Amino acid sequence: MNKASRQLFISQPSLSASIKELEEEIGIDLFRRTNRGIQITPEGKEFIGYARQVVEQYELLQSRYVTKDQVRTRFSVSAQHYTFAVQAYVNTVREFGMDKYEFAINETKTSEVINDVKNFRSEIGILYLNEFNRKVLTKLFKENELDFTPLMDCHIYVYMSKNHPLAKRDCIRLQELDPYPLLSFDQGQFNSFYFSEEVLATYDYKQVIKCNDRATILNLMVGLNGYTLCSGIICEDLNGQEYTAVKLKSSEIMRVGYLTRKGIALSPMGQRYIRELEAYKNQVLI
């Protein structure tokens, strides 16, 4: 509070009083006050997300129309670990160029994809729904004022190294994968089946290795004959040609789509990114 008051050129008591008045006006506690200091509340974090967006929009208007500064437009995407989402982003960046834009892409946990879009850190979030997680995640979308738009329906494929003992099969049963480790993305404190990036999360896998990034999973596919379950869309330009996708014998379908803030139109760059994603419909394996 002392540091903030110095930056604002006002006294610390005046700042504290202003915050208290704001809390009374909006009817929520932004900070939790204790003898050891203050901590921001969950409601405060959400409020700051909205406030930051307002400030950024004001600064953008000020720079563009008042001071006439050259401002870089920011475009950010958060996604579960899908190579095609990164490839679509690459194609979008190549088209728009980097001179006038500030780009960011976050491959992250399911809960963070939702929070990033909710708190305006990302314009678009990429994730999937299926019969198992649909009710839980759809409820979260509604509570956080998010819209989910489907992009494509995909059968389930086993993603593995081309040197895997089962790599040349036309179809694999789940039980045939028991001797090999499932490579699963760690969801942190939200490590619930409903937040899993791998479908069929409730199956009793004999071996599981939790990972935090896609590069590690690719290494473990080669080193330990590990595998993960995916949409079957392969981007060899980014991941190389050492991997393959074999259809899993299952009736399960994953619906890949994107999240946006309810009532907020996509930017021109966001629209272009979605068109790049839609192009992968033709590559969905049957």
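In this predicted model, the side chains of Glu 276 and Arg 272 meet in a salt bridge, with 2.8 Å from N to O; a salt bridge is a side-chain nitrogen of Lys or Arg within 4 Å of a carboxyl oxygen of Asp or Glu. Local features need pLDDT of at least 70 and side-chain atom pairs count only at pLDDT 80 or more, while totals for chains, interfaces and linings use all residues. Residues are numbered from 1 along each chain as its sequence is written, and side-chain values use heavy atoms, with hydrogens and water left out.

**Salt bridges**

- Both Glu 276 and Arg 272 belong to helix α9, 4 residues apart, about one turn of the helix; helices (H or I, at least four residues) and strands (E, at least two) are DSSP runs, numbered from the N terminus.
- Glu 276 is buried, at a relative accessible area of 13%, whereas Arg 272 is partly exposed at 22%; buried means under 20% relative accessible area, exposed over 50%, and partly exposed in between (1.4 Å probe, protein chains only).
- A network of salt bridges links Glu 95, Arg 272 and Glu 276.
- Arg 255 forms a salt bridge with Asp 153, the closest N and O atoms being 2.7 Å apart.
- That pair joins distant parts of the chain, with Arg 255 in strand β13 and Asp 153 in strand β6 (residues 146-155), 102 residues apart.
- The whole structure holds 12 salt bridges.

**Largest pocket**

- The largest pocket contains about 870 Å³ of space; a pocket is, on a 1 Å grid over the protein atoms alone, an open set of points where a 1.4 Å probe fits, with protein on both sides within 12 Å along at least five of seven lines, and lining residues have an atom within 4 Å of a point. A volume is the space filled by probe spheres set on the points, which are joined across faces, edges and corners.
- Its lining has 30 residues, and Gln 53, Glu 56, Gln 57, Arg 74 and Glu 123 are the closest to the centre.
- Helix α3 gives the most to this lining, with 7 residues.

- About 460 Å³ of space lies in the second largest pocket.
- Of its 21 lining residues, Lys 45, Asn 115, Lys 118, Asn 119 and Phe 190 lie nearest the centre.
- The elements giving two or more residues to this lining are α3 and α5 (110-118).
- Because 7 of the 9 residues of α5 are buried, α5 is largely enclosed by the rest of the structure.
- Just after α5, Phe 120 takes a positive phi of about 70°.
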